Amino acid sequence: MNVLHFDALTKHYGEVRALDNFTHSFAEAQVHALIGKNGSGKSTFIKMLAGVIKPTSGKMKLGSLDLSFDNPADAFEAGIVTVHQELSLVPEQSVAENIYLGRLPKRGFLVNWTQLFEDARLLLDEIGASGVDPKAKVKDLSVGLQQIVEITKAMSFSPKVLLLDEPTSALAQSEVRQLFALVERLRAKGVTIIYISHRLAELPLIADTVTAIRDGSFVDSVPISEASPQAIVDMMFGELLPLDRPIRDFPKEFPSLSIRDLCLVPFFQNVSFDLYPGEVIGIAGMLGAGRTELLHTIFGARSADSGDIFINGTLIENPSITVMKAAGMGYASEDRKASGLVQSASCHANLCRAALQRIAPSGWTSIKKESSFVDIQIQDLNIKLGNPMNSVSSLSGGNQQKIVVGGWLNNAPSILLFDEPGRGVDVQAKRQIYQIIWDMAAQGLSCIVVSTELEDLTECCDRILVLHNGSISEEFLNDELDPKDLYAACMENDDSTGEPV
Amino acid sequence: MNKQQLVGLSRQHSMLLILILLYIIVGFTARGFMTVDNQLNILRNIAVPGMIAFGMALVIIVGEIDLSVGSMVAVSACLTAWIVEKASGHAFEPAWYYVVLGIVTTLCFAASVGWFNGMLRHRVGVPTFISSLAMMATLAGMANMITNGSAIEAFPSWYYIIGSGRFWGIPVPVYLLVVAFICTFILANFTTFGRAVYSVGGNMEAARLSGINVWRTKTICMVIVAVFAATGGIIYSSLINSGNPTIARGMELQVISAVIIGGVSLFGGRGSIWGAFIGVLFLGVLINAMTLWGFNPYAQQVVSGALILGAVFINFYIDRK
Amino acid sequence: MNKQQLVGLSRQHSMLLILILLYIIVGFTARGFMTVDNQLNILRNIAVPGMIAFGMALVIIVGEIDLSVGSMVAVSACLTAWIVEKASGHAFEPAWYYVVLGIVTTLCFAASVGWFNGMLRHRVGVPTFISSLAMMATLAGMANMITNGSAIEAFPSWYYIIGSGRFWGIPVPVYLLVVAFICTFILANFTTFGRAVYSVGGNMEAARLSGINVWRTKTICMVIVAVFAATGGIIYSSLINSGNPTIARGMELQVISAVIIGGVSLFGGRGSIWGAFIGVLFLGVLINAMTLWGFNPYAQQVVSGALILGAVFINFYIDRK
Amino acid sequence: NDEPVIASIVFQGDQFFKSLQQGIREGAEARGAEVLELNVDGDQAREAQAIDTYISRGVDAIVIAPLSATNSAGPLKRARAAGIKVIAVNGGLEDKSIANATFSTANYDLGASTGAAASGFIRSKLDGKAHVGILAFASLLPEQSGARTSGFKREASRDNSITVVTEQDAWMPEKAVQVATDMLTANPEINILFAANEGGTVGAMQAVRNAGKAGKVFVFGIDGSEQLARGLMSSDNVLQATTAQSAKEMGVMGANSALDLIQGKGVQTEVSVPALLLSRNDKAGITSFVQSLK
Ligand SMILES: Nc1ncnc2c1ncn2[C@@H]1O[C@H](COP(=O)(O)OP(=O)(O)OP(=O)(O)O)[C@@H](O)[C@H]1O
Ligand SMILES: Nc1ncnc2c1ncn2[C@@H]1O[C@H](COP(=O)(O)OP(=O)(O)OP(=O)(O)O)[C@@H](O)[C@H]1O
Ligand SMILES: [Mg+2]
Ligand SMILES: [Mg+2]
């Protein structure tokens with residue numbers, strides 16, 4: 001029996017056809033992977049099913065029941081629960097309150113706090129997140145734990161249909177495995193799951209079918225057994241050339257960046273390494289290993305407790321963002337919503353922000369003067385947007401990520417730090433970003449790339465450092481490196497998760 | 001209790017500590033400050049700004065603001081007096097019939113203004129900052145029009161009880177303040193509505209996606225503060241025994257200062273009713289102390305400005321640590 | 001131009017359309033409105049709130065607020081007058097020496113107050129809403145203390161030129177308004193500083209991580225609005241030929257209304273100097289029309305409140321579509 | 001239409017100014033003139049701007065209660081230069097050449113009138129000794145407030161020994177209740193409260209009642225209103241005397257003088273409108289005052 005049925009479902013935003021004539025049926029009690037490149041309409045599809053937005057036209061059916069939602073509460077009622085792509089938690093409130101947001105248990109007309117915390121405790125235990133205190137404020141948790149809370153919240157509805165929009169983009173492997181175990185349990189209970197991810201390697205582990213959308217249109221749906229990696233990529237992109245990481249030779253004489261004994265309690269201690277001109281270094285590590293803090297410290301956005309930073313052999317006395325920027329460094333942030341982009345501003349403004357001193361050294365600027373810098377990035381990075389003057393918030397996640405990167409490239413940096421450049425970015429866009437990194441590296445740009453997806457690192461980097469328990473525990477030269485080895489190195493003696501490798 | 005807990009406690013209650021400090025200083029320097037009578041005076045003086053501050057705390061926590069509360073106090077006093085005057089002409093007795101009519105009508109009027117602000121925010125997206133600013137002028141004008149610029153004196157003789165009466169030696173407004181505090185405190189901390197207020201103020205989109213009726217929540221907060229302001233107007237009308245359009249000018253800023261001094265975040269989602277109370281009490285003690293000290297009025301402005309700044313400074317400074 | 005473009009245009013300029021509508025209505029109903037003289041009056045009357053509004057637009061775009069501008073106008077007028085009075089006692093001639101001394105000192109004083117608010121925000125995290133609220137009381141008290149409550153009249157006879165003089169028939173404050181507009185407009189649209197203002201207001205953390213000096217940007221905005229307010233005070237001191245502590249009461253709310261009516265977002269990051277100008281002009285025309293219509297002053301409050309509400313309503317309503 | 005146009009400008013929205021503007025309107029409309037009304041809300045700059053607006057509007061006369069004796073002069077001088085008749089009511093301008101005619105009850109005289117009543121009371125009831133608390137409005141309108149309080153102090157201390165214990169600002173009634181209550185707490189020796197305006201007087205009266213000090217503390221005030229009239233009639237013996245101005249009468253006189261000037265007739269340039277003492281001992285005077293408010 002086909003439980004979820006869509007008939008010519010369509011959503012238009014003005015001229016933009018976010019989803020067009022989507023017709024398909026999803027079978028009951030299976031995990032359906034929904035894939036497609038950035039901006040192909042996946043989130044739009046999910047949002048309609050979740051009652052967040054209304055379709056322009058078309059029908060949705062659950063079993064024999066017609067679905068038409070005025071608000072998210074209607075969707076919950078129908079048993080459809082969503083974990084949205086952008087985290088939607090209330091940072092100031094407790095984990096338990098977030099899980100039962102809008103549905104706090106009551107005694108009379110008062111909140112039943114005891115029951116609330118007990119229920120939350122049970123749910124968290126069931127999900128395997130016994131480490132999370134239901135009374136803790138969400139703002140005090142790491143992004144990964146917040147994602148767990150988000151999923152716990154969805155679970156608490158005992159859904160018939162669970163929609164997961166890129167739930168793993170902020171998760172590390174161990175947490176991903178927890179999540180998958182959970183998803184399997186749900187499937188066994190008869191829950192239908194639609195699962196969006198850009199991490200194609202995950203699909204065979206979890207999905208029963210793979211459905212692809214391209215530019216707002218349904219392409220195909222195949223059982224997982226027929227979905228070889230090549231087939232998936234073909235569905236998403238039509239044609240995609242195989243990736244070829246250039247093995248480059250660069251002189252390892254004068255490091256462009258040297259880190260010596262850098263410490264920041266409690267995140268890391270005695271971190272030392274060298275980065276050579278033209279080299280791309282990856283930093284691997286589990287979620288919460290302190291990689292973001294390391295990049296922030298190198299970039300001068302936080303001050304280190306001790307340790308030295310040298311650029312081109314010169315000691316930087318008082319590292320600050322201004323000093324580091326002047327020395328040719330740039331930093332593409334991991335969280336485009338909170339710290340990477342000015343969402344209320346235009347794409348144009350976001351592409352210029354970091355490089356204004358270069359674009360307009362005199363302090364006088366104008367749209368005209370800036371335009372050439374904007375156009376070149378839109379072209380080079382293949383950013384899909386209508387008018388550069390439109391607000392950046394109307395772009396899909398992946399295109400927003402490209403804007404973050406493009407903004408820094410405009411500053412012609414000599415050292416660029418990428419924090420999770422691949423978060424929420426499709427394979428094609430990722431490859432475009434690698435290609436840019438390599439092109440720039442060929443001209444002498446040095447890069448540090450942090451990513452939770454270890455495949456990203458093995459695909460992109462020349463050398464990979466593993467940050468473990470606050471220090472660099474291992475170093476790999478990336479020569480036919482197997483992501484599995486890297487994974488093992490990250491996990492070794494990891495007492496924080498307490499899991500065997 | 002170890003050192004860390006102590007620091008944590010002082011952080012949370014830094015404003016309380018500042019208030020205690022103020023009490024000590026004023027107690028030693030201002031004659032008559034530490035008498036029971038004067039303490040009751042302070043409580044009575046903060047009764048009206050206090051209850052409005054509780055409502056305002058909810059409004060600010062839910063992510064909105066209401067600048068029309070001062071005018072609402074004035075128009076409510078006038079409206080009540082006007083209705084009592086008109087009704088008493090028609091001689092349906094006893095007197096409390098028309099006093100109740102006046103009070104109920106006024107509270108309904110206030111509620112509908114709050115509801116209107118909420119609707120404008122919801123349906124049209126007009127920020128409450130600006131709609132309530134316009135409402136401030138409109139209501140002040142209405143107060144003047146109702147009374148034709150002068151005070152309406154029409155209350156029966158026992159009406160003074162609401163604003164100036166005492167039971168067991170404690171002024172009636174103090175009871176009202178306590179009731180308002182308890183109600184808002186319970187509302188904010190122990191009801192689903194109260195938790196929704198925090199959720200909506202903390203992350204509106206998340207609240208919406210969880211099926212919380214964001215607009216109802218916001219609108220109810222706007223209604224609550226308007227009703228408290230109207231109650232304040234009724235208390236004042238009793239205190240001065242007339243409906244006078246000139247009262248409560250600038251009270252909105254006083255109330256908002258108090259709420260922020262009490263640690264409610266202007267960005268929404270954060271703060272407490274208890275904090276709002278501390279903030280109001282701080283300002284009340286300050287005003288009382290300056291009157292007792294008998295400062296030159298010009299110096300009072302400077303000193304109170306500086307002290308507010310100082311208190312907020314210390315408060316935020318400790319929070320930073 | 002197709003239909004969609006037309007809608008887009010009207011959306012962007014809805015406030016301008018409302019303003020034009022207001023012009024037409026007032027032009028037909030108020031005698032003497034459409035004369036050149038009266039239009040120049042309007043411009044002169046909005047000169048001071050106008051230039052402050054340009055500064056306030058920057059402050060609000062950068063994500064802060066300044067509630068002390070009204071008091072700053074008053075204290076600046078008084079300070080200038082006081083310095084001129086003291087200096088002229090010491091008879092170092094010619095008179096413009098000490099006028100310049102007064103003006104420069106006042107501007108420096110204002111700049112340092114703006115800088116102080118910025119620093120408090122930066123170092124201690126005190127929101128400017130509350131620090132400037134405290135500053136509002138402090139400065140008002142200072143104005144009273146400087147002048148001891150009455151006005152100081154000490155200016156040389158030609159001093160009237162700044163506030164009441166004319167060149168080629170156009171009042172001097174109008175020139176100052178135009179200069180202020182051009183400077184702020186260029187600052188906001190054609191300098192890297194202006195770009196930084198928008199970035200910081202839109203997302204402070206993103207701006208910081210792009211290497212923008214967030215605190216310098218915010219502080220400079222606070223300084224600009226304070227300096228504009230001080231300039232306004234100087235203009236007023238010339239207009240009424242004395243330093244008077246009672247001027248510009250409540251101007252902060254008038255200016256903030258104007259800026260928001262002009263489409264600047266209270267949440268920062270969005271808005272324009274041009275919009276602020278339209279907002280100020282709207283309020284200026286409204287006040288002028290009320291004066292010319294001359295109906296009952298109480299009704300004037302209600303009508304102006306309702307009209308502001310109406311304008312904002314239409315503005316947001318069109319924006320919604 | 002050729003009917004003369006008169007602009008009527010005041011600076012506050014209370015009962016006194018309301019009556020004043022009503023007087024102007026009635027006086028002017030009785031003689032077929034059009035009236036434009038404005039309240040500048042205590043703002044000196046707004047007053048200057050309004051006068052300029054009326055100049056370009058081309059009104060025939062401006063009847064104004066000037067906000068300040070000195071600072072209001074500049075724009076009125078311009079009005080005069082533009083051929084507009086200027087009538088000052090409720091206090092004149094320091095520069096006598098500006099207004100065509102001035103109608104006033106000096107603020108000092110208002111204070112002095114109440115002060116004289118207080119002086120007699122203190123002498124006969126309090127053995128010539130009194131501790132006085134004052135409620136003023138110095139941070140609202142410094143000049144007027146100062147004149148009223150000094151008039152009071154001067155007259156009240158005549159033949160008595162009075163001590164001004166404290167002098168505070170509170171001009172809105174609800175604020176005045178609070179401040180007066182605090183004053184009585186801090187200074188239990190106070191037996192006389194003087195308030196310099198209507199709101200202050202209402203507040204002081206209520207504060208004494210609330211504190212249960214009726215018969216121990218006596219209130220003297222300024223301004224007249226129904227509520228104050230009732231206070232004077234009340235048997236609780238709190239409010240003793242207040243000095244009202246004949247606001248409406250002053251308005252009618254101002255309007256008439258403006259119209260006379262427009263028609264080219266000569267007018268008296270300085271008219272002192274007498275202050276009207278309302279006292280507990282003069283019930284008839286109070287009754288006729290209340291009649292005049294209707
Ligand atoms: N509110 C909106 N207004 C206008 N266009 C929009 C809006 N939301 C989405 N779009 C457009 O609709 C298209 C589909 O967006 P959607 O967010 O569904 O993509 P996605 O497949 O989820 O991409 P990603 O993998 O990057 O998250 C994009 O071109 C996007 O720019
Ligand atoms: N605000 C905070 N309060 C307390 N602990 C925090 C806070 N922010 C981060 N941490 C902790 O600091 C450690 C490092 O976090 P960080 O965000 O740097 O990790 P990361 O390696 O960048 O991981 P991610 O993949 O989530 O970006 C984690 O243990 C995290 O839980
Ligand atoms: Mg998406
Ligand atoms: Mg990180």
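In the predicted model, D:Asp127 is exposed, with a relative accessible area of 67%; exposed means over 50% relative accessible area, buried under 20%, and partly exposed in between, computed with a 1.4 Å probe on protein chains only. D:Asp127 lies in the loop between α4 (107–125) and β6 (129–136) of chain D, where helices (H or I, at least four residues) and strands (E, at least two) are DSSP runs numbered from the N terminus. Its phi is near 55°, a positive value in a residue other than glycine. A positive phi of about 60° is also found at B:Asn241, again not a glycine. B:Asn241 is placed in the loop between α11 (214–239) and α12 (251–261) of chain B. Most residues other than glycine have a negative phi.

Residues are numbered from 1 along each chain as its sequence is written, and chains are lettered from A and ligands numbered from 1 in the order in which they are written. The model is predicted, so local features need pLDDT of at least 70 and side-chain atom pairs count only at pLDDT 80 or more, while totals for chains, interfaces and linings use all residues; side-chain values use heavy atoms, with hydrogens and water left out.

Over all chains, the structure holds 35 salt bridges, a salt bridge being a side-chain nitrogen of Lys or Arg within 4 Å of a carboxyl oxygen of Asp or Glu. In chain D, the side chains of D:Arg25 and D:Glu37 form a salt bridge with an N to O distance of 3.0 Å. This pair links distant parts of the chain, with D:Arg25 in helix α1 (residues 15–30) and D:Glu37 in strand β2 (residues 34–39), 12 residues apart. D:Arg25 counts as partly exposed because its relative accessibility is 24%, whereas D:Glu37, at 7%, counts as buried.

Another salt bridge in chain D joins the side chains of D:Lys96 and D:Glu270 at 3.9 Å, N to O. D:Lys96 is in the loop between β4 (85–89) and β5 (101–104), and D:Glu270 is in strand β11 (residues 270–272), 174 residues apart. D:Lys96 has a relative accessibility of 55% and therefore counts as exposed; D:Glu270 has 42% and counts as partly exposed.

In chain B, the side chains of B:Arg121 and B:Glu64 meet in a salt bridge of 2.9 Å, N to O. B:Arg121 belongs to helix α5 (residues 95–124) and B:Glu64 to the loop between α3 (36–61) and α4 (69–89), 57 residues apart. Both B:Arg121 and B:Glu64 are buried. A network of salt bridges links A:Glu92, A:Lys137, A:Lys139 and B:Arg270.

Helix α9 (residues 192–202) of chain B is mostly covered, with nine of its 11 residues buried. The buried residues include B:Phe193, B:Arg195 and B:Tyr198.

In chain C, helix α4 (residues 69–89) and helix α5 (residues 95–124) pack at an angle of about 145°, with their axes 8 Å apart. Axes are lines fitted to C-alpha atoms, for helices over the stretch in contact, and angles run from 0 to 180 degrees between N-to-C directions. The contact, defined by heavy atoms within 4.5 Å, involves residues including C:Met72, C:Leu79 and C:Ile83 of α4(C) and C:Tyr98, C:Phe109 and C:Val113 of α5(C).
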